[in-house]
Amino acid sequence: MEQYIIKGGNPLVGEVSISGAKNAALGILAATIMANESVYISNLPDVRDINVLLEAIADTGAIVERRGRHDVRINGATINNYVVENNFIKKMRASYYLLGAMLGKYHHAEVSLPGGCDIGSRPIDQHLKGFRALGATAVVRNGMIVVDARQLVGAHIYFDMVSVGATINVMLAATMAVGRTVLENVAKEPHVVDVANLLNTMGANIKGAGTDVIRIEGVRLLHGGDYSVIPDQIEAGTFLFGAALTKGDVTVKNVIPKHLDCLTSKLREIGCEVSECDDQVRVVAKQRLRSANVKTLPYPGFPTDMQPQMTVVLALSEGTSIVTESIFENRFKYVDELRRMGAEIFVEGNSAIIRGVPELTGTPVTAPDLRAGAALVLAGLAADGVTVVDDIKFILRGYEDFAEKLQGLGGEIKLIKNEHELQKSRMMIV
Ligand code: EPZ
């Protein structure tokens with residue numbers, strides 16, 4: 001089982017280049033199959049979730065040509081299989097984007113019920129509500145979601161809650177529906193806008209992505225194109241919070257500073273210096289940081305995907321903080337692990353009450369999901385002594401070269417592939 005072994009204590013200092021956004025790329029890759037021409041995607045992050053989705057796309061019969069570590073050409077003209085049932089895909093939430101893409105293009109799709117990080121119950125009723133409103137039937141049969149339509153017709157759909165996945169999925173299907181679709185109460189995340197921008201590059205007619213209402217005039221055909229994925233807001237945030245936590249000085253490069261406003265405003269509030277220029281953001285933390293209250297909200301609110309990293313920062317800040325998770329009901333599972341490192345955190349319902357401690361100490365911990373795993377790595381880098389983070393398969397799903405990038409900033413962290421390597425590294429590191 002892969003693990004990270006970390007010796008804490010070094011401030012993170014230096015520059016790090018941010019990869020393409022995983023959650024944007026997942027929607028984008030699904031969208032590419034809707035054309036019968038080549039679509040070239042660049043700035044793809046080289047992470048497990050992306051590689052699994054590419055495998056699933058190849059399984060449909062589409063041409064998937066890896067042109068480099070971060071570039072791919074996809075052509076959906078040769079698709080001959082509308083059933084996506086793959087051992088890996090069950091573990092990955094974004095497999096469901098193939099439902100919207102294939103329903104839009106072929107009026108039929110069958111995809112395994114999605115898995116993904118265990119952070120809450122994660123229903124998909126809003127996706128199905130949208131598909132049905134466009135005229136499709138949507139049922140769950142033998143563990144598969146089966147969607148089918150004779151014709152898709154544009155509709156006015158008001159989502160019951162703001163959902164990134166439902167917004168993207170229904171937008172995909174509506175892109176090739178007959179007539180006009182209006183989606184209300186939609187997600188405004190940068191990755192929703194990125195998927196809409198790609199679809200427009202391919203000839204779609206989508207307006208309003210990034211606002212509460214998306215208007216789509218259906219088109220009969222989509223064509224090829226060339227598109228670069230936006231930088232990953234959450235990866236960038238993770239490194240900036242690492243700077244805050246280790247009293248470091250980190251510049252993230254290749255970012256869109258506007259996408260980071262919800263994070264940098266919190267970093268300023270707790271005492272960090274933040275500066276921005278063009279496509280870079282720098283965070284400097286010189287002294288112990290202050291407490292703050294944080295509530296996760298849909299974009300442009302504070303992202304749930306940065307909640308564990310924020311909690312770790314506050315665990316070492318002076319005073320008492322409250323972090324409220326309002327998106328997923330099960331996203332505090334890492335708190336027990338942090339407590340074993342010396343943090344004083346109590347979870348009451350959907351809030352964590354954090355009494356800042358002056359130091360954390362290293363110990364073996366287990367990553368319960370992707371972002372919590374990244375937060376435990378940050379905790380290890382700030383802690384006194386050695387931390388071993390187990391079950392890092394979750395982290396590898398979403399962070400490209402995480403250990404290497406942290407090493408480039410002065411962090412002592414190593415990816416370990418087996419028990420033998422672990423013992424060897426322990427002896428070297430302690
Ligand atoms: C996306 O998940 C991201 N995943 C998540 O990233 C992220 O945490 C989440 O958005 C919120 O920003 C991908 O993009 C692949 P939602 P998604 O639908 O689309 C409820 C990461 O670490 N809901 O916006 O599944 C749902 O239960 C992760 O990269 C319904 O009730 O999230 C939740 O409470 C993990 N019915 C809320 O809405 C539905 O049909 C928001 O979920 C859909 C959602």
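Reader: How much space lies in the largest pocket?

Author: A pocket is an open set of points with protein on both sides, and in this predicted model about 1100 Å³ of space lies in the largest pocket. The lining of this pocket is made by 50 residues, and those nearest its centre are Arg122, Val164, Gly165, Ile327 and Phe328.

Reader: Which helix gives the most to the lining of the largest pocket?

Author: Helix 1 gives the most, with 4 residues, and the elements that give two or more residues also include helix 6 (190-201) and helix 7 (233-245). Sorted by class, the lining holds 25 nonpolar, 13 polar and 12 charged residues.

Reader: Where does the ligand sit, and which residues come nearest to the ligand?

Author: The ligand sits in the largest pocket, where 24 residues are around it, with Gln126, Ser163, Val164, Asp305 and Ile327 coming nearest. This shell divides into 11 nonpolar, 6 polar and 7 charged residues, and at least two of its residues come from each of helix 1 (22-32), helix 4 (125-133), helix 5 (164-175) and helix 11 (370-382).

Reader: What lies 2.8 Å from an oxygen atom of the ligand?

Author: A polar contact is a pair of N or O atoms within 3.5 Å, and here a polar side-chain atom of arginine 371 lies 2.8 Å from a ligand oxygen. For tyrosine 96, an N or O atom of the side chain is 3.1 Å from an oxygen atom of the ligand, whereas isoleucine 327 has a polar backbone atom 2.5 Å from a ligand oxygen. Of the 830 Å² of accessible area that the ligand has on its own, the protein covers 91%.

Conventions
Residues numbered from 1 in each chain as written. Predicted model: local features only at pLDDT ≥ 70, side-chain atom pairs only at ≥ 80, totals over all residues. Heavy atoms only, no water. Near = heavy atom within 4 Å. Polar contact = N/O pair within 3.5 Å; in protein donor to acceptor, adjacent residues only side chain to side chain. Areas by Shrake-Rupley, 256 points an atom, 1.4 Å probe, with all protein chains shown as cover. 1 Å grid on protein atoms, 1.4 Å probe; cavity = no way out; pocket = protein on both sides within 12 Å on 5 of 7 lines; lining within 4 Å. Sits in = over half its atoms within 2 Å of the grid points. Nonpolar A, V, L, I, M, F, W, Y, C, P; charged D, E, K, R; others polar. Points joined across faces, edges and corners; volume = space filled by probe spheres on them.
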